[in-house]
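Here is a briefing on a two-chain model.

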Amino acid sequence: MADKKFVFLNFFYGLYRLNMNFTWKIGGEAGFGIMTTGLVFSKIASRSGFHIFDYVEYPSLIRGGHNAYEVHVADFEVTHLKPIVDILICLNKETFEKHSSNLNKDSFVIYDKKEFKLEGDYKKIDVPFKKILAELKGQGVMKNTIALGASLAIIGGEINELLKIITEQFEKKGEEIISFNKKFAEAGFNYAKSNYKKFLTNWLTKKNPKGSLVMTGNDAFSLGSIIADCRLYCAYPMTPSSSVLSTLAAWQDKTGMVVRHAEDEISVINTALGSSFAGARSAVGTSGGGFALMVESISLAGITETPIVIFIAQRPGPATGMPTWTEQGDLLFAVHAGHGEFPKIVLAPGDVKEMIELTTKAFNLADIYQTPVIILSDMLLSESHRSLEKKWLDDFVKRYEIDRGKLINNSKFNPAKGGTKLQIKSQNFLRYKITNDGISHRLMAGTPGYFYQANSYEHLEDGHTTEESKERLKQVNKRNKKTITYLTKHFQLPKTYGDINQAEIIFVAWGSIKGSILETQKRLLEKGKKSALIHFNHTYPLDKDKIIPLFKNGKRHILVENNSQGQFGKLLQQETGIEIKEKILNYDGRPIWPEEIVRKI
Amino acid sequence: MSLIQDFTGYPPTWCPGCGNHGIGIALKSALVGLGLNPSTVFAVFGIGCSGNMNDFLNAYAIHALHGRAIPNAIGIKIANHQTKVIAIVGDGDCYGEGGNHFLHACRGNHDITVVVHDNSVYGLTTGQVAPTARKGYKSKSTPAGIIEVPINPLALALTQGATFVAQVFAGNVSQMIEIIKLAIQHRGFSLVNVLQPCVSFNKINNYQYYQKRVYFLANEYQKNNFELAMKKVVEVNKEKFPLGVIYQVEKPTFTDQLPQIKKEVLIEKDRFTDFSSLVKEFT
């Protein structure tokens with residue numbers, strides 16, 4: 001087996017264990033079910049008791065381009081891809097040409113020799129896709145099912161797991177379609193099993209399944225927003241955020257959320273601000289370009305003190321950039337978005353689990369601080385599937401409490417704490433009353449006997465427009481105070497992985513890049529090098545006084561980011577004065593992988 | 001029962017003689033007439049002289065961004081669809097900056113009332129041309145006269161699916177009250193285009209200009225006839241301005257078609273907690 005390692009003492013996790021991992025990859029022409037097949041494989045691996053991390057490559061086209069889907073399978077938690085592909089399924093010649101550089105002589109290559117001649121020294125598995133299709137009278141797109149069946153035979157997977165998923169997939173279409181599709185899976189499986197006995201392995205032999213979930217960052221945001229009782233999600237489709245829109249739209253009959261696909265991103269955010277003003281937890285989702293259109297309204301949320309959660313799945317820009325690829329290029333844009341000065345919170349989850357934690361937290365923070373909260377994802381986190389322990393999620397859901405801050409809620413809508421009842425004397429409610437923590441009470445709009453306005457102009461405590469110097473200062477100071485309150489009450493320091501004191505190298509990073517660095521640390525440890533990672537997911541605002549002590553003089557710090565300008569490095573310097581001179585930056589639209597980091601150190 | 005003064009906020013800052021005074025009084029009278037009070041009205045104001053009514057009218061209100069009042073109003077309506085939601089906007093605001101939102105709000109038959117102060121000029125920025133100004137209109141931004149032909153908001157509303165299209169004249173407060181009442185009572189998207197003189201910056205479309213060119217639709221006018229309405233709304237090309245309800249039909253509103261809020265308004269529903277039924281998809 002290609003990448004089987006015996007690591008006797010793994011200090012990193014403090015566990016003694018036997019590592020087993022391999023990479024399965026399928027490629028073919030866009031429109032031939034590559035994405036679906038890849039996800040089916042990830043689910044089979046998960047249901048068989050393994051951890052997975054997958055990654056898709058696809059151009060911004062519907063038909064004709066090249067698609068590839070890679071799954072890293074292991075019996076330990078995986079957070080990245082590995083360089084060698086152990087089993088490559090070529091649905092066309094281009095797949096081999098594009099990905100052969102990741103093969104070695106032990107790699108299996110599944111292909112149809114009637115389609116192309118395979119040169120080179122590999123474990124070649126010729127499966128007659130075309131012949132099987134013709135015999136079973138299948139359509140071209142079913143080739144992927146044959147190939148998936150064949151690959152399962154080689155790696156010792158259970159055909160029953162695939163047959164079960166086919167049943168689930170085609171449940172609505174009836175028994176006839178189900179059994180028709182199953183025939184192709186079985187044909188591929190049986191062909192490989194009987195013709196390539198010498199190659200059969202037990203890589204995917206079923207273990208005790210732990211009840212793991214297979215989720216992307218977008219799935220996790222969607223689920224997190226439901227857990228947080230978000231009632232309105234508004235969006236305009238934009239890769240790589242669009243699957244949040246479709247997932248939440250598909251769920252709305254069940255969840256009762258209203259999902260609006262508005263005419264443009266300006267309408268998107270203003271719809272959400274309207275519903276938030278009326279008392280519904282509201283969120284929007286987009287990528288950089290769509291967010292750019294929302295920016296004026298972020299500022300509106302800032303001055304009107306309207307809670308809003310904004311999900312941004314970054315992709316490489318500028319402008320249309322590379323829509324289906326990944327980059328951490330919009331951090332400073334998000335941090336600085338909006339004219340004028342107002343508080344804003346930017347959170348950047350490092351993985352699917354953190355996405356659930358931070359999304360649910362974001363809705364609470366938006367309500368507590370009555371200001372925009374941004375969740376920064378990127379294509380890598382948004383579209384890659386990861387294993388997530390179901391038990392962890394179940395426990396998290398039980399632990400999570402909705403906190404709507406200083407919302408005064410006299411209607412029956414009261415999910416958890418609601419707000420306390422206040423004695424209000426004037427009908428004209430003091431929506432922007434000066435307080436010590438900068439946060440004013442927010443009366444549920446529509447409460448009988450009162451009224452107030454959310455004013456985009458500078459305003460008095462009662463919301464009416466003002467241009468008086470004294471009142472202006474009061475309101476600016478009040479809004480600014482919310483940042484101080486946040487830093488005291490809710491800001492969380494970066495998590496450190498590894499021992500900072502003993503580390504020779506300390507990586508500094510934020511967001512989705514976490515997985516690659518964790519794996520880099522393992523690789524370095526195998527070479528006897530101790531390292532640590534300081535990983536920020538509460539990316540803005542930053543608490544200087546708490547952060548400075550984490551950065552010890554004389555240590556070798558390396559900033560690792562998926563952008564060309566080291567944006568977090570700049571932000572850290574701006575906010576804390578800490579300058580990290582050594583940088584590893586990757587900005588070709590691909591994630592930075594561990595071997596690349598190791599090579600560049 | 002509420003009174004006019006319940007709705008009265010700070011004293012208006014509009015120019016003496018401005019049509020906005022009449023619109024403000026008509027709006028408050030209509031709200032009182034409908035038995036509403038400041039706690040049962042949601043108002044969204046655009047930016048411009050019209051939007052400055054935010055400080056003069058008591059209600060649960062958003063003083064929005066320029067052009068963006070309509071999506072705010074749609075959001076309020078979705079969250080709490082049993083309340084009355086009114087957007088008070090200007091012509092530059094609604095037909096220029098926010099034109100896209102206007103079209104799509106018509107399409108969605110969102111149950112909001114949009115009252116547009118149409119004075120063909122930007123008053124708050126002291127006299128630049130608005131999208132409803134006639135071709136050749138000279139202004140601070142178009143000293144040689146505007147090249148573009150005017151937008152036809154009534155025709156746009158009609159063709160994009162609005163179910164209530166009306167026009168009134170700021171010089172006739174009693175008709176404004178009646179029409180605004182009808183617009184608020186209408187279930188679905190309602191547009192009230194108010195022809196309004198700007199006494200400071202528009203020297204052409206003044207009270208005399210409109211008085212000569214407006215006329216009331218006859219009592220027997222068939223307001224549910226789309227073709228007839230189309231004929232009426234293009235009369236503006238001949239500088240004729242019909243006043244009254246030009247078009248009205250009953251169709252399901254946007255929120256009528258959301259099954260998830262059939263039984264309860266969105267903000268009053270119980271929290272959804274059956275997470276395991278969603279999580280199944282990820283196994």
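Helices (H or I, at least four residues) and strands (E, at least two) are DSSP runs, numbered from the N terminus. On that basis, residues 48-194 of chain B are 33% helix and 22% strand, and the end C-alpha atoms of the span lie 15 Å apart. This is a predicted model: local features need pLDDT of at least 70, side-chain atom pairs count only at pLDDT 80 or more, and totals for chains, interfaces and linings use all residues. Residues are numbered from 1 along each chain as its sequence is written, while chains are lettered from A and ligands numbered from 1 in the order in which they are written.

**Annotated spans**
- UniProt, in an unreviewed entry, places "domain: Thiamine pyrophosphate enzyme TPP-binding" at residues 48-194 of chain B.
- An unreviewed UniProt entry also places "domain: Pyruvate/ketoisovalerate oxidoreductase catalytic" at residues 31-189 of chain A.
- Such annotations may be inferred rather than shown by experiment; feature names are shortened and positions follow the numbering used here.
- Residues 31-189 of chain A are 42% helix and 18% strand, with end C-alpha atoms 23 Å apart.

**Contact between the chains**
- Chain A brings 59 residues to the contact and chain B brings 43 residues (contact: C-beta atoms, placed from the backbone, within 7 Å).
- On the side of chain A that touches chain B, α9(A) gives the most, with nine residues.
- That side of chain A has 28 nonpolar, 20 polar and 11 charged residues.
- Ala, Val, Leu, Ile, Met, Phe, Trp, Tyr, Cys and Pro count as nonpolar, Asp, Glu, Lys and Arg as charged, and the others, Gly among them, as polar.

- Strands pair if DSSP finds at least two bridges between them.
- β17(A) pairs with β2(B) (residues 60-63) in the parallel sense, over three bridges.
- Gln453(A) stands opposite Ala61(B) in β2(B).
- Nine strands form an open, mixed sheet, in the order β17(A)-β2(B)-β1(B)-β3(B)-β4(B)-β8(B)-β7(B)-β10(B)-β9(B).
- β17(A) and β9(B) stand at the edges, each with a single partner strand, so one side of each has no neighbour in the sheet.
- Within chain B, β1(B) (residues 41-45) and β3(B) (residues 84-90) run parallel, joined by five bridges.
- Val44(B) has Ala87(B) in β3(B) as its bridge partner.

**Helix pair in chain A**
- The axes of α7(A) and α12(A) (residues 352-369) come within 8 Å and cross at roughly 30°.
- Axes are lines fitted to C-alpha atoms, for helices over the stretch in contact; angles run from 0 to 180 degrees between N-to-C directions.
- α7(A) is therefore roughly parallel to α12(A) (roughly parallel: angles under 35 degrees).

Definitions and conventions: Contact = placed C-beta atoms within 7 Å. Parallel < 35°, antiparallel > 145°, perpendicular 65-115°, else oblique.
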